[in-house]
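Trainee: I would like to take one part of this model and look at it closely with you. Could we begin with the structure itself?

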Amino acid sequence: MYPKKELAQIVISACSQFNIDTVVISPGSRNAPLTVGFSNHPEIETLSVVDERCAAFFALGIAQQRQRPVAIVCTSGSALLNYYPAIAEAFYSNIPLVVISADRPKHLIDIGDGQTIRQENVFENHILFSANLIDEVVSSSAVENSKLICKALQIAVSQKGPVHINVPFDEPLYETVSTIDTVIANKVKQSFDEITSSFAPRNDDTDYKKLASIWNEAEKKMILVGVNYPDEELHQLMDFYADDTSVLILTETTSNLHQKKAIDSIDQLISSLDNTQFEALKPDVLITFGGMIVSKRVKQFLRKYQPKHHWNIDKKKAMNTFFCLSEFIQIEPLDFFSKFNGTIVKKESNYQQKWLQFRDDKREKHTAYLSKTTHSDFKVFEQIIESIPTNSQLQISNSSIIRYAQLFSIDKTNNIYCNRGTSGIDGSTSTAIGAAFAAKNQTVFITGDISFFYDSNALWNINIPKNFRIILINNSGGGIFKIIPGPGTTNAAKYFETPHSLTAAHLCKMYHFDYLKADSTETVAAQLNGFYETSEKPKILEIFTPSEENNLILKEYFKYIQ
C-alpha cells in the first residue's frame, strides 16, 4: 500500500535511493500520504513518537550513533516548529537529520485555514538546504521536485547536517495504490544519478610543508580536542603526539580520546594558575579539532594568552573560538593527521613533562578531597563514574552535569556523548533514548532534575530498550546558577534556580520504568549495586542531593587542589 499522491511517491523513492532506512513519524492528517508510504515500505523502519520536539531529538540520537541520516515526518502548522531545537543542535553538531514536513498548498496559506503557517524556509538560519516542493501537477514538476529532494538528501549525507523538505498536499490525503509509479521511480533514479555525480569531494589544498616548518621549530605545542566521535584510527594517530615531549594534549570528556599523556580534566589543571604559569603554559602552536569546548576556563586562558599560530581542522566551518585563528584546514582531522604526521619530527622539550607532573599533583589532591567529602553532587559523581560498566555508552545532559563529568577520568572503553552543539537542556533525555535505541551496547544517561523534567515527554516512547538506565541527580533546582558568578548577586534567585519539590516517582509509574531512589553516600552505593543488571523494564535511579551545600563543596574543591 502506497500513497496515490505523486509528491509523496517522489519523497519516498528518493529516501529509498539514499538508503535512509529509519523514519520517525509524529501523528497528523496532512502528512498521511507520507505516513502510509513510509510505514509500508519494506526497507524502511518507521517509529512513532507523538511529541514532535521529542521525536526530533530521538531521531538525532539515532543519527548520532549510526552516523547516517535519519528522517523525521510531521503534519503541517506549529508541529513543524517543535523540531527547531533539534535542528539547531544537528546544525552545530554535524548530525544528518532529514526534516520532512507536510504543508498546505499555496492557495490555502494565509487565508485562515487551520494548522497553517508559513513553512517555506522556516529554518533558514540553521539548515543546510531547504527544498520547497512544487504542488502543481504538471509534466515538469516531477523532475524539478526529484532534483530538489535528491539535492537535499545528498547535502545531508555529504555535509552531515540538517536539511528540510517541505511537501504541500491538497486533499484527498488517504487515497492509496498498490505500487509506486514506475515513471516516478525512474525520474527519481535519474535525479539521484545526476545529483550524486555532481557532488565532487573537495580537494585538499593544505600546505603541509609550510605547516611542518612552523611545527618543527616550536618548543611548545598544544592539541585541544572538543566533541569528537569515537575513532580508533584517529586515536592511534594521536599516539605520535603523546610521545612528543614538546606537545601537550588537552582532551574534553566528549572527545572520546584517551591518552595516558594527556590532560583529560582541563579545569583541574588551570583553575589556580597565576600569570607566570599561564605564560609558561601558553603554546606557540595550537591545533584544535572536534566540536564545542565545554571548559570556560580553557577558553578564557587561550583568549587572553593567545598562541602565535592557531590551526583549526574541520571539514565544514572554521571555529575561531579564541579570536586568533591563523589557519583553517578544511578537511577531516583523520585525513589531516594521516598526512601531517609524515612531515614532522619530534622535538625535545620539557613542556609536556612539566604539565603532566602538574596534572598528577592535581589528581592526587582530587582523590584526597573526595575521600573526605560528604554526600553531594560532586561525591555522587564519583560514585556514578566508578559504577559505569565497561563498554557502555554514556550520555550526559548539559548545564552542571557535563561540567561535573569534566572533572573525572572516565574508563576508556566507554563512549561519551552530550548535546554540545547548542548546549541546551531541552532534548537531552530524548537524544539519549534515541542513542540507546540505535546502540549495540548499554546506554547510561546522567541528567540533572531541571533538564529531566523539562524533557519528561521523552519517556512517552515505546522504543525504549529495557537495558536503558537513567541516573537523575535531583538537587531541587538549577544548580548551575549557584556555581556560576552572577545570579547569586541578584534578588531574583528563584527565577534562575527555579526551586521545586518534584520527583520522578510518578513519571516512572506512568511510563513503566523501575524506580529507585537514594539520598546518602551509603544508599547511592547500595542502589548502584545491581542497577545495570538485566531487567524487564528500563530503570531510573533518582539521587537527592543537598541543594544548599553542593556549590559550597565544589568551590571548596577548587581551593583545595590549588
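Trainee: At what angle do helix α1 and helix α2 pack, and how far apart are their axes?

Mentor: This is a predicted model, in which local features need pLDDT of at least 70 and side-chain atom pairs count only at pLDDT 80 or more, while totals for chains, interfaces and linings use all residues. Residues are numbered from 1 along each chain as its sequence is written, and side-chain values use heavy atoms, with hydrogens and water left out.

Helix α1, residues 6-17, packs against helix α2, residues 32-40, at an angle of about 40°, and their axes lie 9 Å apart. Helices here are DSSP runs of H or I with at least four residues, and strands are runs of E with at least two, numbered from the N terminus; the axes are lines fitted to C-alpha atoms, for helices over the stretch in contact, and angles run from 0 to 180 degrees between N-to-C directions. The angle therefore makes α1 oblique to α2, given that angles under 35 degrees count as roughly parallel, over 145 as roughly antiparallel, 65 to 115 as roughly perpendicular and the rest as oblique.

As for the residues, Ala8, Val11, Ile12 and Cys15 of α1 meet Pro33, Leu34, Gly37 and Phe38 of α2, where contact means heavy atoms within 4.5 Å. By class, this contact of α1 with α2 holds seven nonpolar residues, one polar and no charged; Ala, Val, Leu, Ile, Met, Phe, Trp, Tyr, Cys and Pro count as nonpolar, Asp, Glu, Lys and Arg as charged, and the others, Gly among them, as polar.

The crossing in which α1 passes α2 is right-handed, a term used if the near helix is turned clockwise from the far one by less than a right angle, with anticlockwise being left-handed. Elsewhere, α13 gives the most to the lining of the largest pocket, with four residues, and that lining divides into 18 nonpolar, 16 polar and 13 charged residues. A pocket is an open set of points on a 1 Å grid over the protein atoms alone, where a 1.4 Å probe fits, with protein on both sides within 12 Å along at least five of seven lines, and lining residues have an atom within 4 Å of a point.
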